[in-house]
Amino acid sequence: VINLHVKSLTMSSCLLSWTYLHDDATRFLIEWSYLPSLSSTATWNNSVEVQAQDTSTSLHTYEYNISNLQDGGLFSFRLRVGNLHISNFTLSPTFMLNDVQLVPPPLPVSDLSVLSLGSESVILTWSNPSSSAVTLYQIKYKVGLLDYAAHGIPELAASPAGRNIMTVYNLDRGLLYSFKVFARNLNLMGYEQVGSNVVDAMPQMQPSSVLDLHVVGVTETSVQIAWSVNPFPPTRDYKVSWISGLFDVGNAQQISTTSLISNITNLTSETRVLVSVTAQNWNSLGIGSPQYIHVEPSPPPGVVSSLEIVSVTTVSVLLKFNVSELYLATKMRVMFKRADAADWSTFTELQCRNLPSDANSCPDQIQVTGLSQNLVYDFKLALRNDHIAGFQDLGKVVSAAPVDYPSLPVYNLKVLSTTTTQVLISFSVPTGLDSPFAFKARISSSSPPYLNETNEFTSTSLLITGLTVNTKYDVAIFGRNLNVKGFNLN
């Protein structure tokens, strides 16, 4: 007897098939034994004798269905050949078929995936369904709205190792194919009808490069980046690589992700990191072009506490601050509002550098324009880098009003006292947003000729010294405010 095998089975029956190439057989003896486990010994306590002419399906090929077996059981079978010889079956060799499990139809495959692509082929891989016996697989595919079909793809025997790989050939380059795999075993039901999960693949098209690679935020030791990608050709996943150091030297590290965002941790604070993101799909030619970005984990910058008013015009205010306070800041926001308003929503934003370690390009003086004359404004500076804390805006607030130079002179100028060489004078200052706050005095005499101007002062009284006794002097007081025109010489 050759090719003794199970042709099909159910949960309680087994159809055996075999080939006997001679014409001297008139009957066959089939014996079987239920095995509680794989280590059990067959007892051969069940048998049936069948006539050759009753089991023949074609020349030299025979079949017999054994029914009423223990549901889902494990069995061993053996076959002997006999004819009318008086020895019965005792002289016949015994042909064995061990460890036949009566099984239900298999469960569908759940992890079909594309291993790689060729110019006109796709390599698929999947695992045998857990807790489900499978003997054969059939790959089917479709394009667009067509039905799934095998298209001449041969069946594949299930891998005993549990992982199956199959190449589908003769595909058209540039077409998007949808693939499923169907499983079967010896159960009479044949192939399960659900099929596996669907995977799509397009032969030979590599993924495009990622788009809009940017920093979402940083902390002192981590960086979060994000990107986008064209939906076609499809992308399987992304390789994120990074290397730390000023000159991009060191040990590179990488991770793979299917997300469009990645968090890189365990970095050194205030150290430049070069990050690349590369799109990957199943194409055997490799990957898309990598995109690069420099990032720098760091703490948030400090606040500006040195802000002061330098000067004004009728429509602008000039601010000044200590540029060293921009340490770690990459952006500066000049914020201003009317003094009687609560909202700081008006601002001008400056990019000082790309990374905290780059050289600063922001000036230490800033002109805020487009203001209304004779209105008081509040000003402050807010700093930020890529830290998730955002803008730091709790710094010093200064106030100023865009005004012209003083419109009114000082008044009530008078002499308080004299000596032989000095005079003490005082004056009053007009009120208003454009009133002066700094002064200078011009002292003159016609006989003998004398002319002198004092240094700038802020008091409303002045002791003039170095004068000559019994000489008449004229004293004029000039005032200025923050307007860039300086002193009003009227």
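A salt bridge here is a side-chain nitrogen of Lys or Arg within 4 Å of a carboxyl oxygen of Asp or Glu. Arg480 and Glu456 make one, at 2.8 Å from N to O, and the total by this rule is 14 salt bridges. Keep in mind that this is a predicted model, where local features need pLDDT of at least 70, side-chain atom pairs count only at pLDDT 80 or more, and totals for chains, interfaces and linings use all residues. Residues are numbered from 1 along each chain as its sequence is written, and side-chain values use heavy atoms, with hydrogens and water left out.

**Salt bridges**

- Glu456 counts as partly exposed at 43% relative accessibility (buried is under 20% relative accessible area, exposed over 50%, partly exposed in between; 1.4 Å probe, protein chains only).
- Glu31 pairs with Arg78, with the closest N and O atoms 2.6 Å apart.
- Both ends of that pair are buried: Glu31 has a relative accessible area of 10%, and Arg78 sits at 17%.
- Glu349 and Arg333 also meet in a salt bridge, at 2.8 Å from N to O, and Glu349 is partly exposed at 34% relative accessibility.
- Lys331 joins Arg333 and Glu349 in a network of salt bridges.

**Pocket linings**

- Ten nonpolar, eight polar and two charged residues line the largest pocket (Ala, Val, Leu, Ile, Met, Phe, Trp, Tyr, Cys and Pro count as nonpolar, Asp, Glu, Lys and Arg as charged, and the others, Gly among them, as polar; a pocket is an open set of points on a 1 Å grid over the protein atoms alone, where a 1.4 Å probe fits, with protein on both sides within 12 Å along at least five of seven lines, and lining residues have an atom within 4 Å of a point).
- The second largest pocket has five nonpolar, six polar and one charged residues in its lining.
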